[in-house]
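Please read this short report beside the sequence and the 3D view. It takes one topic at a time.

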Amino acid sequence: MNWSEFFAMKGYAWYIWGSYGMALLIFIVEIIMVRHRRILTLQQLHLMRNAEDDMT
Amino acid sequence: MAINWFKYSSPSTFYGVAGKMVPWFAWSAAILFVVGLYISFFVAPTDIQQSEAYRIMFIHVPASILSMFIYLVMAGYAALGLIFNTRLSSMMASALAPTGALLAFLSLWTGALWGKPMWGAWWVWDARLTSELILLFLYLGFIALHASIDDPRRADRASALLAIIGSVNVPIIYFSVQWWNTLHQGASVKFTGTSMHVAMQQGMYTMMLAVWLYAIAVSLLRVRCIILERECKAQWVSELTEVRR
Amino acid sequence: MNKLSLLGLLSLVIRRDLVLAMRRRADVLTTLIFFVIVVSLFPLGVGPEMDMLRKMAPGVVWVAALLASMLSLGRMFSADYLDGTLEQMMLVPQSLSVLVLAKILAHWMVSGLPLVIMAPVLGLQFDMPTQALWVLIAALLLGTPILSMIGAVGAALTLGLRGGGALVSLLVLPLCIPVLVFGAGRSGSRCKWHKRELPLIVARRATGDGIGIYAMGYGPRPAYFDRIKHIVYF
């Protein structure tokens with residue numbers, strides 16, 4: 001079995017790679033969003049901390 | 001009896017525990033994904049009836065089952081939070097919701113791409129499909145309600161109630177749509193379950209386990225963010241190394 | 001002061017809400033007119049073939065009734081919440097559930113009952129046969145109170161929130177699907193009641209009631225949350 005045959009999937013390429021592509025996209029986007037949320041949260045906490053330090 | 005479980009229900013302890021658990025879940029999920037995809041595409045044979053198109057099953061079935069299961073887990077956590085007033089349970093519930101919603105969407109998407117070559121239609125008003133769609137709506141309602149209430153404690157309680165009502169409703173919706181469908185147009189789109197090849201089963205279970213572990217890992221990551229956001233005024237948060245630096 | 005019986009409280013609250021609704025008749029009429037307009041728009045949208053219209057009539061009436069009841073949900077508690085009446089109601093010694101039940105019933109009489117009465121007229125627009133009209137009325141009579149009860153949960157949960165109107169539809173509409181399926185299905189071409197459905201509708205009503213009333217007891221009073229007896233209801 002060669003690779004082009006494998007990717008053609010007997011004519012079902014769009015359906016199969018569409019499914020797995022969307023799965024990959026969703027997982028990657030979700031991980032990026034969670035990472036981003038963590039970065040934002042930590043930034044927020046830094047800001048709060050700095051503000052407290054300035055006050056004291 | 002040596003383990004004090006309530007110790008782990010405090011956000012400050014759980015924050016650290018979750019941080020230690022995430023890499024384990026994430027890496028085993030990654031390994032299982034590789035193994036599962038290998039079995040799905042290179043070991044599992046071509047199906048006689050469906051040719052190669054059936055390979056969508058390896059992502060579709062785990063996504064659908066997990067999306068329903070996560071809803072039940074979410075409702076369970078929400079109920080715990082409501083009854084015992086434990087903050088962490090409510091945080092877990094709101095951390096699970098986006099993952100569940102994404103999996104429900106993925107299940108619909110892959111289902112459509114599988115349905116088109118097999119049934120000749122992107123969408124049919126079958127009981128399973130319709131209840132999956134409604135499950136997605138229930139997730140979106142939960143997220144929207146939680147997001148629109150400013151006071152987090154009140155948001156937890158309101159959305160917990162919604163989650164519980166929703167979980168009571170999911171079976172009712174499923175059966176109502178099933179009867180409606182069979183009454184109206186007959187079961188035209190029953191997927192006849194031929195006996196599955198062993199390699200197909202293995203591929204599916206491996207993928208299911210992989211998605212499961214992935215869901216745990218990503219919701220633990222999310223609950224860590226939620227804990228930090230909610231507890232931002234607490235002393236222990238300001239003493240964390242990632243906050244101090 | 002003599003103590004009010006439960007039924008007394010029930011009728012008192014219903015009468016009060018009805019009087020208030022009669023003072024603001026425009027609100028009631030708006031919902032009704034919305035219902036009529038939505039139903040009348042369908043033939044314009046899909047074309048005037050009578051066969052098709054006859055077939056889709058029950059579904060159209062039901063969906064329109066569902067949307068119209070969403071429209072009026074916001075009013076169930078909001079006025080009482082804004083002027084503080086709701087807080088005072090919380091203080092009555094009798095069961096809160098009865099109070100909420102009364103408010104739901106009153107809401108149904110004001111916004112559900114007119115739809116049921118109006119429905120056969122609209123059914124005639126779609127050339128529905130007489131027998132089907134009776135089934136439609138019966139189904140609506142049974143279904144619209146359930147819609148009010150489920151809707152009450154949404155109304156209570158979203159009380160005082162920004163964007164409450166759209167949010168309440170997002171929460172409540174998915175939960176209303178079984179009612180829609182059974183209601184519209186029953187008023188469809190075949191006019192028999194399926195044996196299996198009756199127990200389900202009753203069960204549905206019971207859960208709707210129970211959870212709905214519980215939610216109400218709760219939603220409207222953020223400040224009194226902790227005082228509530230979780231265990232009694234769970």
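## Two packed helices in chain C

H2(C) passes H3(C) in a right-handed crossing. A crossing is right-handed if the near helix is turned clockwise from the far one by less than a right angle, and left-handed if anticlockwise. Helices here are DSSP runs of H or I with at least four residues, strands are runs of E with at least two, and both are numbered from the N terminus. The model is predicted: local features need pLDDT of at least 70, side-chain atom pairs count only at pLDDT 80 or more, and totals for chains, interfaces and linings use all residues. Residues are numbered from 1 along each chain as its sequence is written, while chains are lettered from A and ligands numbered from 1 in the order in which they are written.

H2 of chain C covers residues 25-46, and H3 of chain C covers residues 50-73. They pack at an angle of about 145°, with axes 9 Å apart. Axes are lines fitted to C-alpha atoms, for helices over the stretch in contact, and angles run from 0 to 180 degrees between N-to-C directions. From H2(C), the contact includes C:Phe34, C:Phe35, C:Val38 and C:Phe42. From H3(C), C:Met52, C:Leu53, C:Val60 and C:Ala64 are among the residues taking part. The contact residues divide into 16 nonpolar, 2 polar and no charged. Ala, Val, Leu, Ile, Met, Phe, Trp, Tyr, Cys and Pro count as nonpolar, Asp, Glu, Lys and Arg as charged, and the others, Gly among them, as polar.

## C:Thr31

C:Thr31 sits in helix H2 of chain C. Is C:Thr31 buried or exposed? C:Thr31 is buried, because 21 other C-beta atoms lie within 10 Å. The cut-offs are 20 or more other C-beta atoms within 10 Å for buried, 12 or fewer for exposed, and partly exposed in between, with C-beta atoms placed from the backbone.

Leaving out residues up to four places away in sequence, C:Thr31 touches C:Ala68, C:Leu71, C:Ser72 and C:Ser111. A contact means C-beta atoms, placed from the backbone, within 7 Å. C:Thr31 and C:Ser111 are 80 residues apart in sequence, yet 7.0 Å apart in space, C-alpha to C-alpha.

H6(C) has 30 residues, 96-125. At 1.5 Å a residue it should span 44 Å, and its end C-alpha atoms are 43 Å apart, which agrees. The expected span is 1.5 Å times one less than the number of residues. H6(C) bends by about 40° at C:Met109. The bend is the angle between axes fitted to the seven residues ending there and the seven starting there.

C:Asp127 counts as exposed because it has 11 C-beta neighbours inside 10 Å.

Chain B has 9 helices and 0 strands. Of its 245 residues, 46% are buried. Among contacts in chain B with a separation of 6 or more, 79% join residues 24 or more positions apart. B:Asn85 lies in the loop between H3 and H4 of chain B. Though not a glycine, B:Asn85 has a positive phi of about 60°. B:Asn85 counts as partly exposed, because it has 15 C-beta neighbours inside 10 Å.

The contact between these chains takes 28 residues from chain B and 23 residues from chain A. On the chain B side, H4(B) gives the largest share, 9 residues. By class, that side has 17 nonpolar, 5 polar and 6 charged residues.

How values were computed:
Contact = placed C-beta atoms within 7 Å.
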